[in-house]
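Please open the model in your viewer and keep the selection tool at hand, as this tour goes from one selection to the next.

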Amino acid sequence: MQERLNIVPFVSVDHMMKLVLATGVERFLIELAAYIEEDFRRWECFDKTPRIASHSAEGVIELMPTSDGEAYGFKYVNGHPKNTRFGRQTVTAFGVLADVGNGYPILLTEMTILTALRTAAMSAVAAKYLAPKGARTMAMIGNGAQSEFQAIAFKAILGVDKLRLYDIDPSATARCQKNLAGMGFEITACSSSQEAVEGAEIVTTVTADKQYATILTDNMVGPGIHINAVGGDCPGKTELHRDILLRSDIFVEYPPQTRIEGEIQQLDPDHPVTELWKVITGQVPGRSGGRQITLFDSVGFAIEDFSALRYVRDRLKETGLYEELDLLADPDEPRDLFGMILRAAKPTPVAATVGAL
Ligand SMILES: NC(=O)c1ccc[n+]([C@@H]2O[C@H](COP(=O)([O-])OP(=O)(O)OC[C@H]3O[C@@H](n4cnc5c(N)ncnc54)[C@H](O)[C@@H]3O)[C@@H](O)[C@H]2O)c1
């Protein structure tokens, strides 16, 4: 790929959609989940830092960097829950992968679609270790942009094929139900969170609200279920009543970030939590009992985006679904950056001839 040093492969939204369609959403999610698991197994070799967040009254803009020593990746992502009222997405993102050896970017890609895919793949990976074995019914509260991706990942990776949907906006539920039609789900549209969780072995909360919300109250959570809490991912933005947290075994991505952003911001700073990578590497158990309530307090961590960037980068070679972006200044003599600009100003012989006519 990348023969000229100034060129960086760029995956536009259009190319990302083509990549997802050419691959198949289920296969994409399964393969992406495998990349995430692979990176969680080598967790200790990554640079880790809580993401760098810039908060405002309306939302947040965040940078999420990490490196495994060979490649460096970061994602720019926003979260603005009121955006949908004005025709914009709540979450948009783009990201970069770079070569640590020379610092040159090797991929620039849209990550709005990719974030939805990686969040869903991450949720399903966590549930593989934490949800009751053989679970087939999932309640999904919040039926916005992330929701179909979550549903398809749980079907592809765990075999979940019964969905119980609820959203405060019935049109969101109707859209989600319509988009998932014909994909092998039995779908029930519910009129409350309470109704949605009835009979569910897995409960996914994926709502957007910039405040402490209570999507689930303690009485809705019976023994033995797995909660996949995706929407609470910022200081002051949570979805679960605190009492649920006190009854659950809590699994997190990176504790220093989750304690700031996750459901556990409601708890004491030393409340015990388990790091998911330790479950994946077999150092600590995941689900250990039939009545245990497991909670994946998802906030989204940089390593998952790194896995997604790695996956897309690997797929480009075979699909060619990218553009060549003239992103990096590349003078013939590396130190002659200014001279390169001067040379660009000089008319070419052809232009000079045309001008003389
Ligand atoms: N953990 C992660 O890794 C991760 C990644 C991406 C997005 N997120 C978060 O997931 C959430 C959803 O993102 P999205 O892009 O789908 O947003 P979205 O705005 O497209 O959808 C959110 C949906 O939640 C519904 N909702 C709001 N309050 C509700 C309530 N009280 N009960 C039921 N439904 C309610 C809204 O009507 C809307 O349909 C956001 O909070 C986002 O920040 C987390």
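Across which strands does helix α5 lie? Select residues 170-179, and you have helix α5, which lies across β8 and β9 and runs at about 155° to β8; such angles run from 0 to 180 degrees between N-to-C directions, with axes fitted to C-alpha atoms, for helices over the stretch in contact. Helices (H or I, at least four residues) and strands (E, at least two) are DSSP runs numbered from the N terminus.

Before going on, note that this is a predicted model, in which local features need pLDDT of at least 70 and side-chain atom pairs count only at pLDDT 80 or more, while totals for chains, interfaces and linings use all residues. Residues are numbered from 1 along each chain as its sequence is written.

Next, select the open sheet of eight strands, whose order is β9-β8-β7-β10-β12-β16-β14-β15, with parallel pairing; two strands pair if DSSP finds at least two bridges between them. Its edge strands, each pairing on one side only, are β9 (186-189) and β15 (274-275). Strand β14 (residues 249-252) is joined to β15 by two bridges in the parallel sense, and Val252 stands opposite Glu275 in β15.

Now select Val284, in the loop between α9 (276-280) and β16 (294-297).

Definitions and conventions
Two residues are in contact if their C-beta atoms, placed from the backbone, lie within 7 Å.
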